[in-house]
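The following note is intended for a colleague meeting this structure for the first time. Please read the points in order.

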Amino acid sequence: MGGNSGEVAIANLYDDCYRRLVTQLYAFTGDLAEAQDAVQEAFARALARPKHISDIENPEAWLRTVAVNLVRRRWRRRRLFDTIMMRTRPVTSTVEPGPEPDRTDLLAALAQLPQAYREVIVLHHLADLPVDEVATTLDLPVGTVKSRLSRGRTALATRLRPSEAELSRHA
């Protein structure tokens, strides 16, 4: 029953936090399929070592870190591939609009931020992680996370603030 109990624990963990993790990774990536893929891969890694996951104090945080690292690794590979093979290809947005206009605006604004700012903002504000846990997840010093949060909020605010043209159009 020992090996089976680990799988049951992972199945329960899946039921408890899969949707939350996909939502967090979706905000992080702007791509629902990529978010689902990364979270599923994180769970596959947990299933490969059920004893390891049962020894972890916060399995959801571990899964989130694994999924975030998978996404970051894919982005690095994609960037390298684009640099080597596809220099003339135009960059296109893969953000899928959310159901509510405010959420769509937020996701579009997040997608425009530099990756370093987007990562800390999503994990701190949307995943509701404390700064020290964001630092651990991204393997960064706490001071760097605080600095990126501050700069990222400023950049996000300018993207979410209506422009002068939009304000005069609605007046």
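1. Read along the sequence, the pattern is α-α-α-α-α-α-α-α-α. The protein has nine helices and zero strands, taken as DSSP runs (H or I of at least four residues for helices, E of at least two for strands) numbered from the N terminus.

2. This is a predicted model, in which local features need pLDDT of at least 70 and side-chain atom pairs count only at pLDDT 80 or more, while totals for chains, interfaces and linings use all residues. Residues are numbered from 1 along each chain as its sequence is written, and side-chain values use heavy atoms, without hydrogens and water.

3. Of the 171 residues, 35% are buried (under 20% relative accessible area, 1.4 Å probe, protein chains only).

4. Beyond four places in sequence, Val39 is in contact (heavy atoms within 4.5 Å) with Tyr18, Leu21, Val22, Leu25 and Ala67.

5. Arginine 118 lies in helix α6. Arginine 118 is buried yet has no salt bridge (a side-chain nitrogen of Lys or Arg within 4 Å of a carboxyl oxygen of Asp or Glu); the nearest side chain of opposite charge, glutamate 119, is 6.4 Å away. The arginine 118 side chain instead reaches the backbone oxygen of phenylalanine 28 at 3.0 Å, and one of its polar atoms lies 3.2 Å from the backbone oxygen of leucine 113.

Methods:
Buried < 20%, exposed > 50% of the residue type's maximum accessible area, 1.4 Å probe, protein only. Lys, Arg positive; Asp, Glu negative; His and termini not counted. Polar contact = N/O pair within 3.5 Å; in protein donor to acceptor, adjacent residues only side chain to side chain.
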